[in-house]
Amino acid sequence: MRSSVLSLPVDTRADAATRANTSRLLPEVTERATASALPTRLRPADLLRLTDEGAQDVLEGRYDHLLPEGGLWPTENRWAARLVADDEVDIWLISWVEGKYTELHDHAGSLGALTVLSGALSEYRWNGRELRRRTLTAGDQASFPLGWVHDVVRAPEAEAGITGPLNPTLSVHAYSPPLTAMSYYEVTGHGTLRRTRSVLTDQPEGELE
């Protein structure tokens with residue numbers, strides 16, 4: 001492993017993929033039908049692999065030239081650097097600061113995935129009835145299918161369930177096709193989800209400031 005200005009422990013375990021048995025068709029027929037309905041040839045498993053590889057590349061120093069100068073990570077606002085960009089996928093490194101939420105949002109017509117590189121993130125996901133929370137720590141992964149609405153924030157140290165400092169809190173994200181838009185939402189007093197605005201953007205996980 002090459003030396004790097006970033007030296008962080010990471011657990012590269014990936015969550016086991018699960019599939020619901022939603023059809024009585026042969027598996028290969030079902031998979032082809034599902035694939036043809038998606039906007040990209042890359043599947044969630046592909047994006048999880050790409051974020052895992054991107055996290056390892058960051059640890060091995062391949063992106064040191066993109067990191068904040070002097071290793072001084074921003075403390076007031078989230079920060080991001082695009083690691084890979086082509087017609088098929090964007091891969092980003094994001095640093096997180098406590099208390100800066102992304103707001104509830106989707107990724108429009110893009111699939112997504114992330115790998116937590118260091119620290120911990122809290123994700124609040126709309127499940128159709130309510131917001132459900134989960135904490136993702138270093139090595140954890142998550143994928144975001146079409147229609148996924150969530151809010152993400154750095155997990156407070158007291159609630160992360162891990163030892164050691166959470167600075168910097170880093171994650172690697174992949175989007176395919178590359179992001180072009182996001183919609184933002186709020187939960188109404190009637191327990192439903194209401195879209196508040198849609199924006200054209202290629203920035204990951206909401207506004208960075």
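This is a predicted model: local features need pLDDT of at least 70, side-chain atom pairs count only at pLDDT 80 or more; totals for chains, interfaces and linings use all residues.
**Strands, buried side chains and salt bridges**

Okay, let's start with Gln 141, which sits in strand 6, residues 141-144. When I say strand, I mean a DSSP run of E with at least two residues, and helices would be runs of H or I with at least four, each numbered from the N terminus. Residues are numbered from 1 along each chain as its sequence is written, and side-chain values use heavy atoms, with hydrogens and water left out.

So, is Gln 141 buried or exposed? Its relative accessibility is 3%, so Gln 141 counts as buried. The cut-offs are under 20% relative accessible area for buried, over 50% for exposed, and partly exposed in between, using a 1.4 Å probe and protein chains only.

What does the side chain of Gln 141 touch? It makes a polar contact with the side chain of Thr 115, at 2.7 Å. A polar contact here is a pair of N or O atoms within 3.5 Å; within protein, one must be able to donate a hydrogen and the other to accept it, and residues adjacent in sequence count only if both atoms are side-chain atoms. A polar atom of the Gln 141 side chain also lies 2.8 Å from the backbone oxygen of Leu 48. And if you look at Thr 51, its C-alpha is 8.5 Å from that of Gln 141, although the two are 90 residues apart along the chain.

Now let's move on to strand 3. Which strands pair with strand 3? One is strand 8, residues 169-176, which pairs with strand 3 in the antiparallel sense over 7 bridges. Another is strand 6, joined to strand 3 by 4 bridges, again antiparallel. Pairing requires DSSP to find at least two bridges between two strands. Why do we call strand 3 largely enclosed by the rest of the structure? Because 8 of its 8 residues are buried.

Strand 4, residues 120-126, is joined to strand 7 by 5 bridges, and the two run antiparallel. Within that pair, Tyr 124 stands opposite Asp 151 in strand 7.

Side chains of opposite charge can pair when their charged atoms come close. How many salt bridges do we count? There are 10 of them, where a salt bridge means a side-chain nitrogen of Lys or Arg within 4 Å of a carboxyl oxygen of Asp or Glu.

One of them joins the side chains of Asp 202 and Arg 82, at 3.2 Å from N to O. Asp 202 is in the segment after strand 10 and Arg 82 is in strand 1, residues 79-85, so this pair ties together parts that are 120 residues apart in sequence. Asp 202 is partly exposed at 35%, and Arg 82 is partly exposed too, at 30%.

Next, Glu 98 forms a salt bridge with Arg 154, with the closest N and O atoms 3.4 Å apart. Glu 98 is in the loop between strand 2 (90-96) and strand 3 (111-118), while Arg 154 is in strand 7, residues 150-154, so the pair links distant parts of the chain, 56 residues apart. Glu 98 is partly exposed at 47%, whereas Arg 154 is buried at 7%.

Then there's Glu 186 with Arg 194, whose closest N and O atoms are 2.5 Å apart. Salt bridges that share partners also join Asp 57, Glu 60 and Arg 62 into one network.

Last stop: Thr 201, in the segment after strand 10 (193-200). Thr 201 counts as buried, at 14% relative accessibility. A polar atom of its side chain lies 3.0 Å from the backbone nitrogen of Gln 203. Leaving aside neighbours within four places in sequence, Thr 201 is in contact (heavy atoms within 4.5 Å) with Leu 179, Thr 180, Ala 181 and Met 182.
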